[in-house]
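Subject: Structure for your review

Dear colleague,

Please find below the structure that I am handing over to you. The findings are set out after it.

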Amino acid sequence: MALSGYRLLGLLCSVVALSGLRSSVVAAGRSCADTRQVYAEKGYSTGTAPVTQISGEHLRLCPQDYTCCSSQMEETLALQSERDFLKSVEDHSQFLLTTFTQRQRRFDEFFRELIDLSEKSMNQMFTKTYGRLFTQNAHVFQELFAELRRYYSGGSVSLTEVLSDFWSRLVERVFTLVNPQYQFSDDYLECVSKHAEQLQPFGDMPRKLRVQVSRAFIAARALSQGLATGRDIVNKATKLTPDSECVRGLMRQWYCPLCRGMPSLRPCRALCLNVMKGCLANQADLDTEWDYFIDALYQVAEKLEGPFNMELAADSISVKVSEAIMHMQENSVSISTKVFQGCGNPRTLQGRSKRSPKEPGGNRRPFRTYTPEEKPTTAAGTNLDRLVTELKERLRPMGSFWVSLPHTICSDDKMAADVTDEDRCWNGQTRGRYLPEVTGDGLASQINNPEIEVDLGRPDVRTRQLLMELRVVTNKLRHAQAGQDVDFMDSDEGSGSGGEDSRERYDNDWPGYGPHSPPHTKPASPPASNPNKPPRVRERNNKRNRNHGRGGVNSATRPLACSPLPFLLLPFMFMPHRAPWG
């Protein structure tokens with residue numbers, strides 16, 4: 001009996017050995033026709049492709065079982081997996097790139113044309129109202145709008161200084177025109193300028209115009225620059241160069257099934273996520289700052305359709321300047337008396353009456369502003385409300401984009417199997433369930449990634465640069481929400497461009513809004529900061545001339561210059577009643 005048992009055991013071992021040998025022979029002889037067909041469809045020559053499976057000892061990336069891939073095929077497919085990955089990242093980020101590129105272009109065209117329309121509207125209104133008197137002095141307004149364009153285009157221009165210079169030149173000239181019987185020296189007019197802040201010859205219009213124009217232009221420039229920065233960051237963040245570990249993981253999940261003779265088998269969803277999270281670890285680290293940035297863009301856009309409305313600000317320039325001139329003309333006697341008391345009695349001109357002759361052809365017409373139904377459209381093809389609405393709709397899904405990108409790619413049925421096919425997917429070795437857990441997001445979490453070995457001791461330099469760019473642009477956008485230009489907060493114009501005036505609003509400027517900005521929910525984000533900056537060199541236009549045609553000598557020490565603009569007031573000198581203003 002014992003002998004019979006040993007014989008039976010030996011017989012069973014022989015059967016098992018023969019069975020294993022037969023399986024190896026069968027595997028080695030399995031056809032590679034499907035693999036060769038798919039390989040050829042991708043445009044590669046099948047000259048090196050085995051007809052039947054061969055031993056996989058030569059493989060470096062795929063499991064070294066029997067295979068349908070030669071060494072050359074494995075190298076080729078590894079490069080193909082890298083191209084597939086880069087194309088997938090590009091395709092799924094195209095929404096971001098298209099949105100930032102197209103929205104930035106449309107907003108930029110719109111804002112620039114608003115400035116052009118504002119200047120054109122003022123020229124038309126003032127020409128109809130004042131005739132030749134305006135056309136002779138139109139260069140003063142041209143200079144104002146040229147500075148506004150330069151600011152919007154990113155120039156180192158202080159809006160507070162631009163408007164202050166404009167009003168300073170204007171008050172000197174207007175004072176000369178409402179007192180035509182006197183001759184004023186440059187020094188005397190400088191004294192007039194120094195008293196202007198105390199006398200407020202233009203009433204409250206300079207402050208109102210400064211607040212409204214500054215807030216609108218700061219927000220418009222910040223939004224346009226923010227969209228351009230978003231476009232650039234997406235471009236840089238998606239220009240990837242996968243390292244060898246990433247390529248190895250990509251190859252193992254996408255093309256190792258092809259080498260095993262199972263070309264239709266897709267990787268398990270969890271396997272795909274681990275590979276993608278390893279390859280996109282640095283991009284995931286952008287996510288927090290990215291969300292702050294998207295929120296800041298959204299909030300500035302809301303300001304532009306509300307209290308910082310660029311359309312209304314641009315449209316109000318001519319109206320507020322007109323009202324300022326009217327105010328000084330109506331109060332010229334009291335203003336002149338106070339100036340004479342402070343600056344002394346000027347010299348009387350011989351042969352001059354108290355009133356200058358009326359300029360012929362002054363066809364006075366009221367200024368008009370646009371009603372909500374008449375809001376102009378520009379070359380951008382729409383008005384500001386619609387532009388902002390469209391932008392906000394596109395910004396909403398951009399949150400958490402970078403940590404969601406692995407999930408977005410692996411949700412593509414061409415890239416990974418559906419979650420319902422957990423037992424019928426490629427798990428990295430064969431067909432079956434993928435057992436390891438899905439790792440977390442970001443570089444630090446990849447220490448537990450079972451598919452890709454990531455060097456945690458070498459943070460990506462480009463990612464650090466992108467994080468800094470996001471922080472800088474977000475900080476600018478946060479300040480713009482308060483009507484502040486962070487580039488000029490080292491000077492006294494922190495309040496001029498926003499500051500204490502940042503919460504002011506005028507119901508006549510922004511109809512449909514109450515005395516306060518509409519509330520909004522703001523996610524937890526770092527407050528806007530003002531990084532240390534070197535002292536700013538103030539730009540000045542030294543080409544201005546204040547001789548006023550009197551042949552006098554310019555004052556080299558006077559920073560503000562005058563212009564002949566206030567001849568616009570001459571038609572009012574003989575008007576019995578005030579002209580209607582919109």
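Predicted model: local features only at pLDDT ≥ 70, side-chain atom pairs only at ≥ 80, totals over all residues.

Residues are numbered from 1 along each chain as its sequence is written, and side-chain values use heavy atoms, with hydrogens and water left out.

The protein chain has 18 helices and 2 strands (DSSP runs numbered from the N terminus: H or I of at least four residues for helices, E of at least two for strands). Of its 582 residues, 51% are buried (under 20% relative accessible area, with a 1.4 Å probe and protein chains only). The accessible surface is about 28000 Å², and carbon and sulfur atoms contribute 51% of that surface (Shrake-Rupley method, 1.4 Å probe). Among contacts with a separation of 6 or more, 80% are between residues 24 or more positions apart (contact means heavy atoms within 4.5 Å).

Two packed helices are described by the angle between their axes and the distance between the axes. Helix α8 (residues 205-237) packs with helix α14 (residues 310-330) at about 160°, the axes being 9 Å apart (lines fitted to C-alpha atoms over the stretch in contact, with angles from 0 to 180 degrees between N-to-C directions). The two are therefore roughly antiparallel (an angle over 145 degrees). The contact includes Leu209, Val213 and Phe217 of α8 and Leu312, Ile317 and Val321 of α14.

For helix α13 (residues 287-304) and helix α16 (residues 384-395), the axes come within 10 Å and cross at roughly 160°. α13 and α16 are therefore also roughly antiparallel to each other. Among the residues making this contact are Ile294, Leu297 and Tyr298 of α13, together with Val388 and Leu391 of α16.

Threonine 176 is buried, at a relative accessible area of 14%. Its side chain reaches the backbone oxygen of glutamate 172 at 3.0 Å. Leaving aside residues up to four places away in sequence, threonine 176 touches Phe184 and Leu189. Aspartate 165 is buried, with a relative accessible area of 8%.

Yours sincerely

Terms used
Buried < 20%, exposed > 50% of the residue type's maximum accessible area, 1.4 Å probe, protein only. Polar contact = N/O pair within 3.5 Å; in protein donor to acceptor, adjacent residues only side chain to side chain. Parallel < 35°, antiparallel > 145°, perpendicular 65-115°, else oblique.
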